[in-house]
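I am opening a notebook on this structure, and these entries keep a record of what I looked up and in which order.

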Amino acid sequence: MSKSVLIAGQNHSLTDIRRDADTIAGCIDGDAFAFRVIHRDGGWLVLADETGQQHRLYVSASNAKGERHVMMAGMDVTIAVATRNSSGGAQTATRAAAPMPGTVQAIRVTVGAAVKAGDIVAIMEAMKMQMSITAPYDGVVRAICVQAGTQVSEGTELVQIEASDV
Amino acid sequence: MRAIRSILIANRGEIALRIIATAREMGIRTVALYSTHDAALPHRRMADQSVHLAGDTLAETYLNMDAIIATAKQSGVDAIHPGYGFLSENAAFARKVADAGMIFIGPSAEVIAQMGDKITAREAAMKAGIPLIPGYNGEHQDAKTLAAEAKKIGFPVIVKASAGGGGKGMRVVTEAAAFDESLAQAKAEAKNAFGDDRVFVEKYITQPRHIEVQVFSDAHGNHLHCFERECSIQRRHQKIIEESPSPALSPDLRQRICETAVDIARAIGYLGAGTVEFIADTDGSFYFLEMNTRLQVEHPVTEMVTGLDLVRMQIEVAEGKLLAIKQSDIVQHGHAIECRICAEDPDRQFMPATGMIEMVGKPTLRHVRLENGYEAGNEITTHYDPMLAKLIVWGKTREVAAKKLSESLQEVVFAGIKTNRAYVQRILHHPEFLKGETYTSFVVIHKDALEAPALSGEMLKLVAAAYLGAASTASSEANTKMTQSIWDTPALTRFRNVS
């Protein structure tokens, strides 16, 4: 059984082969892997590869967006099951919305404009920083929901984009 | 002399815990404050008493001078420790505390005001003979005067807009011939951005390092230093990594910078812990930037190389005691490096991160200090500073310390929330960092190298395996969900044994 997963913003195909108390085996993008489970405690996991090298890592619980974070070897990797609205970019957001409370500085698109996933649609200011709000998928701008200068709360949709079938 | 037997901590999180730790060692009673947002934070329960500050905003809570002083009086404390940030450099607060008959752990309100104002601070530095960045900030704004001033300063210079910052109206000029054109551009940009085309001209430091000196003064005219820290690894003027000793200073330069810092503490009649910040250039020149009249975030770095307890020293000098040590007693031993773990997403322009902490993790190597204000179950919001914790390590050499910090950072996972940990790791592994080539422009110059790399084939397999492994645990957990106790939820485990 194989599924599409987003790992660090890139799509991969993941196949589950075997999972039990001692082993985790699968296939990613056609590459097979098998690890021995040395230790498991909550999110902590120690896996040994075929050379016997042990790898210590932590997997966080699934968050509201269905993402988990794998922390190991100095890296923090986000992994989630891919959905139709997810693009190849690092974002898995499904709306062009304010990620936190702040002020809309500028709207960069007009109604009717075609956008591609990752295109900047608005600029926001929050916590003394400027941030770009991007289109989560390819589509057409259906409505501008807020004007520049407006203070918005977290989750407020800034630009309504209708997804176009790819 | 006035004994301090009880302290109210006008702060929160890791610094409140830090102060409580030393107070416990000294047998001093502590009173902690907490806002509604902070009710579940560990600093609240680690004190002898905790008092709720009602309100949603900082103004209603941790910045509420009157409420804090009223609480302190009601609790009958001898002293208030302001920590860092918040009211620590608020002269009005220091004055109010003294007027209310309590000891403010820090310098006098007058000194706070003096060094808190950029102009009077620079005047104090100049008077003490401390070098300032050569510059011209005068009324004459004509091209001829400014060009002459630039020549006097010596190239390279930087032209900066007087009305604002953020890089607007700024031009670096490397030679006299380019000055007029650059000046015109800077003025036009400044006019456009701020409606004001006035500029000032300063010497441009090409490879600046942020070197700061920890100073300490008692009430009997004794002023000493606890050596320096280098804090050049910064992003948008926010420090990320701090260390001591600075890899850039020769013993002679170190002595000169440290003695210069003591000179200023002496000149202003300082009391308590303070930090004098300098900008140092590669040619051995250094210039006064500002003085922070409080304990700094990165003070543990100094503690780990000198063996001193700076909070204890703060309390003792606030009691009126003589500093217990002489300058010759203070020695730098080995190397300490600190990194700040912040709730921010380095892959999304360092946007502040929110969420519930699932697991903090524990460092297991020796000589590692985790100064942490949160625990599993705590909710991180955007109400407060995104810094979650500080991780400080000591090693015999800088190389050992850097490696140890990297290893320890892997153990302190802060699962459940996005942090800058992986970004810090990339800095710690960068060859220029390891060589000590640390300048305040580091993260900008090495921006590309500091981006998250693509996953190697091996890493990808591990991540995939971890995901499958977690998914299998989750599904078996889901099956046993109904039989699992509600007390196993991270936020509630500490109530498990409460009857």
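**Entry 1**

I began with the second largest cavity, and I found its lining to consist of Ile105(B), Gly106(B), Leu271(B), Gly272(B), Ala273(B), Gln314(B), Val317(B) and Ala318(B). Before going on I noted that this is a predicted model, in which local features need pLDDT of at least 70, side-chain atom pairs count only at pLDDT 80 or more, and totals for chains, interfaces and linings use all residues. I also noted that residues are numbered from 1 along each chain as its sequence is written, that chains are lettered from A and ligands numbered from 1 in the order in which they are written, and that side-chain values use heavy atoms, with hydrogens and water left out.

For my own use I wrote down that, on a 1 Å grid over the protein atoms alone, a cavity is a set of points where a 1.4 Å probe fits but cannot get out, while a pocket is an open set with protein on both sides within 12 Å along at least five of seven lines, and that lining residues have an atom within 4 Å of a point. Grid points are joined across faces, edges and corners, and a volume is the space filled by probe spheres set on the points.

The second largest cavity holds about 30 Å³ of space. Strand S13 (272–280) and helix H11 (310–318) of chain B each give at least two residues to its lining, and H11(B) contributes the most, with 3 residues; helices (H or I, at least four residues) and strands (E, at least two) are DSSP runs, numbered from the N terminus. Sorted by class, this lining has 5 nonpolar, 3 polar and no charged residues, where Ala, Val, Leu, Ile, Met, Phe, Trp, Tyr, Cys and Pro count as nonpolar, Asp, Glu, Lys and Arg as charged, and the others, Gly among them, as polar.

Two or more lining residues come from each of strands S5 (44–48), S6 (54–59) and S7 (67–72) of chain A, and from each of helices H12 (398–411) and H16 (457–479) of chain B. S6(A) provides the largest share, 5 residues, and by class the lining has 12 nonpolar, 7 polar and 6 charged residues.

**Entry 1: nonpolar cores**

I then looked up the nonpolar cores, each a set of buried Ala, Val, Leu, Ile, Met, Phe, Trp, Tyr and Cys residues joined through side-chain atoms within 4.5 Å; buried means under 20% relative accessible area, exposed over 50%, and partly exposed in between (1.4 Å probe, protein chains only). The largest core has 58 residues, and those with the most contacts inside it are Ile4(B), Met115(B), Phe216(B), Phe278(B) and Phe288(B). A second, separate core has 34 residues, among them Phe350(B), Val360(B), Leu388(B) and Val443(B).

Leaving aside neighbours within four places in sequence, the contacts of Phe278(B) include Ile130(B), Val213(B), Ile257(B) and Phe288(B), a contact being heavy atoms within 4.5 Å.

**Entry 2: backbone details**

Which residue has a positive phi of about 40° although it is not a glycine? I found this at Phe86(B), in the loop between strand S4 (79–81) and helix H4 (91–99) of chain B, and Phe86(B) counts as partly exposed because its relative accessible area is 27%. Arg236(B), also not a glycine, has a positive phi of about 50°, and Arg236(B) is exposed, since its relative accessible area is 54%.

Lastly, I noted that the peptide bond from Phe155(B) to Pro156(B) is cis, with omega near 0°, and that a cis peptide bond also joins Ser244(B) and Pro245(B), with omega about -5°.
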